Amino acid sequence: MTLSIVREDPVRLGALIDILCGAASSDEHIAQQEIAVVEATLRKVLAVDVLPDSVQPRFASFDRKAFDLGEALDRLAISAHEDGQALLDAAFAVIVADVTPFYD
(Lines give C-alpha, C1' and ligand atoms only; values in the text may rest on other atoms or scores of the structure.)
Protein backbone atom coordinates (compact mmCIF):
# COMPACT_ATOMS: atom_id res chain seq x y z
CA MET A 1 0.00 0.00 0.00
CA THR A 2 1.17 3.52 -0.70
CA LEU A 3 0.23 7.01 0.33
CA SER A 4 0.40 8.11 -3.31
CA ILE A 5 -2.76 10.22 -3.02
CA VAL A 6 -0.80 12.55 -0.72
CA ARG A 7 1.63 13.62 -3.45
CA GLU A 8 -1.01 15.83 -5.13
CA ASP A 9 -1.96 17.63 -1.90
CA PRO A 10 0.71 20.07 -0.65
CA VAL A 11 -0.70 20.23 2.90
CA ARG A 12 -0.83 16.47 3.30
CA LEU A 13 2.55 16.00 1.61
CA GLY A 14 4.07 18.54 3.99
CA ALA A 15 2.56 16.69 6.92
CA LEU A 16 4.01 13.38 5.72
CA ILE A 17 7.45 14.94 5.31
CA ASP A 18 7.20 16.48 8.78
CA ILE A 19 6.27 13.12 10.31
CA LEU A 20 9.18 11.36 8.65
CA CYS A 21 11.58 14.16 9.62
CA GLY A 22 10.24 13.90 13.15
CA ALA A 23 11.02 10.19 13.11
CA ALA A 24 14.51 10.91 11.78
CA SER A 25 15.11 13.48 14.49
CA SER A 26 14.16 11.16 17.33
CA ASP A 27 17.80 11.35 18.47
CA GLU A 28 17.60 15.16 18.36
CA HIS A 29 19.33 15.70 15.02
CA ILE A 30 19.02 14.58 11.42
CA ALA A 31 22.13 13.14 9.77
CA GLN A 32 22.58 13.10 6.00
CA GLN A 33 22.11 9.32 5.80
CA GLU A 34 18.76 9.76 7.55
CA ILE A 35 17.67 12.29 4.92
CA ALA A 36 18.62 9.74 2.26
CA VAL A 37 16.39 7.17 3.97
CA VAL A 38 13.56 9.71 4.29
CA GLU A 39 13.88 10.49 0.57
CA ALA A 40 13.88 6.80 -0.39
CA THR A 41 10.93 6.13 1.90
CA LEU A 42 9.01 9.06 0.41
CA ARG A 43 9.67 7.82 -3.13
CA LYS A 44 8.34 4.42 -2.11
CA VAL A 45 5.18 5.54 -0.30
CA LEU A 46 4.40 8.20 -2.91
CA ALA A 47 5.06 5.71 -5.73
CA VAL A 48 7.32 8.12 -7.62
CA ASP A 49 10.82 7.94 -9.07
CA VAL A 50 11.51 11.65 -8.54
CA LEU A 51 10.34 13.58 -5.50
CA PRO A 52 8.33 16.79 -5.97
CA ASP A 53 10.33 20.04 -5.90
CA SER A 54 8.67 21.01 -2.62
CA VAL A 55 10.41 18.24 -0.67
CA GLN A 56 13.92 19.70 -0.27
CA PRO A 57 12.74 23.09 1.04
CA ARG A 58 10.50 21.24 3.49
CA PHE A 59 13.50 19.29 4.82
CA ALA A 60 15.42 22.54 5.20
CA SER A 61 12.61 24.26 7.09
CA PHE A 62 11.82 21.37 9.45
CA ASP A 63 12.06 22.48 13.09
CA ARG A 64 12.08 19.52 15.45
CA LYS A 65 11.46 21.77 18.47
CA ALA A 66 8.27 23.12 16.90
CA PHE A 67 7.19 19.73 15.50
CA ASP A 68 3.81 18.57 16.80
CA LEU A 69 3.03 14.98 15.82
CA GLY A 70 -0.69 15.27 16.59
CA GLU A 71 -1.02 18.37 14.44
CA ALA A 72 0.91 16.72 11.61
CA LEU A 73 -1.32 13.64 11.80
CA ASP A 74 -4.38 15.90 11.65
CA ARG A 75 -2.99 17.57 8.49
CA LEU A 76 -2.17 14.20 6.95
CA ALA A 77 -5.77 13.11 7.53
CA ILE A 78 -5.51 9.42 6.73
CA SER A 79 -8.44 7.22 7.55
CA ALA A 80 -7.89 3.88 5.85
CA HIS A 81 -6.22 1.17 7.90
CA GLU A 82 -3.89 0.37 5.00
CA ASP A 83 -2.74 3.99 4.81
CA GLY A 84 -2.11 4.00 8.55
CA GLN A 85 -0.03 0.86 8.18
CA ALA A 86 1.92 2.44 5.30
CA LEU A 87 2.64 5.46 7.51
CA LEU A 88 3.80 3.27 10.39
CA ASP A 89 6.01 1.23 8.06
CA ALA A 90 7.54 4.41 6.63
CA ALA A 91 8.21 5.93 10.05
CA PHE A 92 9.66 2.63 11.27
CA ALA A 93 12.07 2.49 8.30
CA VAL A 94 13.30 5.98 9.13
CA ILE A 95 13.69 5.23 12.84
CA VAL A 96 15.60 2.03 12.12
CA ALA A 97 17.99 4.02 9.92
CA ASP A 98 18.34 6.49 12.80
CA VAL A 99 19.48 3.89 15.35
CA THR A 100 21.18 1.30 13.15
CA PRO A 101 24.64 2.95 13.10
CA PHE A 102 24.80 2.57 16.87
CA TYR A 103 24.41 -1.20 16.62
CA ASP A 104 26.71 -1.96 13.68
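Analyst: Asp18 lies in helix H1, where a helix is a DSSP run of H or I with at least four residues, numbered from the N terminus. This is a predicted model, in which local features need pLDDT of at least 70 and side-chain atom pairs count only at pLDDT 80 or more, whereas totals for chains, interfaces and linings use all residues. Residues are numbered from 1 along each chain as its sequence is written, and side-chain values use heavy atoms, with hydrogens and water left out.

With a relative accessibility of 8%, Asp18 counts as buried (buried is under 20% relative accessible area, exposed over 50% and partly exposed in between, for a 1.4 Å probe and protein chains only). Leaving aside residues up to four places away in sequence, Asp18 touches Arg58, Phe62, Phe67 and Arg75, a contact being heavy atoms within 4.5 Å.

One of these neighbours, Arg75, meets the side chain of Asp18 in a salt bridge with an N to O distance of 2.8 Å (the term requires a side-chain nitrogen of Lys or Arg within 4 Å of a carboxyl oxygen of Asp or Glu). Because Arg75 belongs to helix H4 (residues 69-76) and Asp18 to helix H1 (residues 10-24), this pair ties together parts that are 57 residues apart in sequence. While Asp18 is buried, Arg75 is partly exposed at 21% relative accessibility.

Arg75 also forms a salt bridge with Glu71, the closest N and O atoms of that pair being 2.6 Å apart. Both Glu71 and Arg75 sit in helix H4, four residues apart, which is about one turn of the helix, and Glu71 is itself partly exposed, at 35% relative accessibility. Taken with Arg58, these residues make up a network of salt bridges that links Asp18, Arg58, Glu71 and Arg75. The structure holds four salt bridges, and one of them, between Glu8 and Arg7, has its closest N and O atoms 3.7 Å apart. In that pair Glu8 is exposed, with 65% relative accessibility, and Arg7 is partly exposed, with 30%.

H1 packs against H2 at an angle of about 140°, the two axes lying 10 Å apart; axes are lines fitted to C-alpha atoms over the stretch in contact, and angles run from 0 to 180 degrees between N-to-C directions. That angle makes H1 oblique to H2, given that angles under 35 degrees count as roughly parallel, over 145 as roughly antiparallel, 65 to 115 as roughly perpendicular and the rest as oblique. The residues making this contact are Leu13, Leu16, Ile17, Leu20 and Ala24 on H1, together with Glu34, Val38, Thr41, Leu42, Val45 and Leu46 on H2. Apart from residues up to four places away in sequence, Leu42 touches Leu16, Ile17, Leu20, Ala47, Leu51, Val55 and Phe59.

Ala47, among the residues touched by Leu42, is found in the loop between helix H2 (32-46) and helix H3 (55-61), and has a positive phi of about 60° although it is not a glycine. Most residues other than glycine have a negative phi. Ala47 is partly exposed at 48% relative accessibility, and its C-alpha atom is separated by 9.4 Å from that of Ile5, 42 residues apart along the chain. A positive phi, near 50°, is also found at Ala77, which lies in the loop between H4 and helix H5 (81-99) and is partly exposed with a relative accessible area of 46%.

Technical notes. Helix = DSSP H or I, 4+ residues; strand = E, 2+ residues; numbered from the N terminus.
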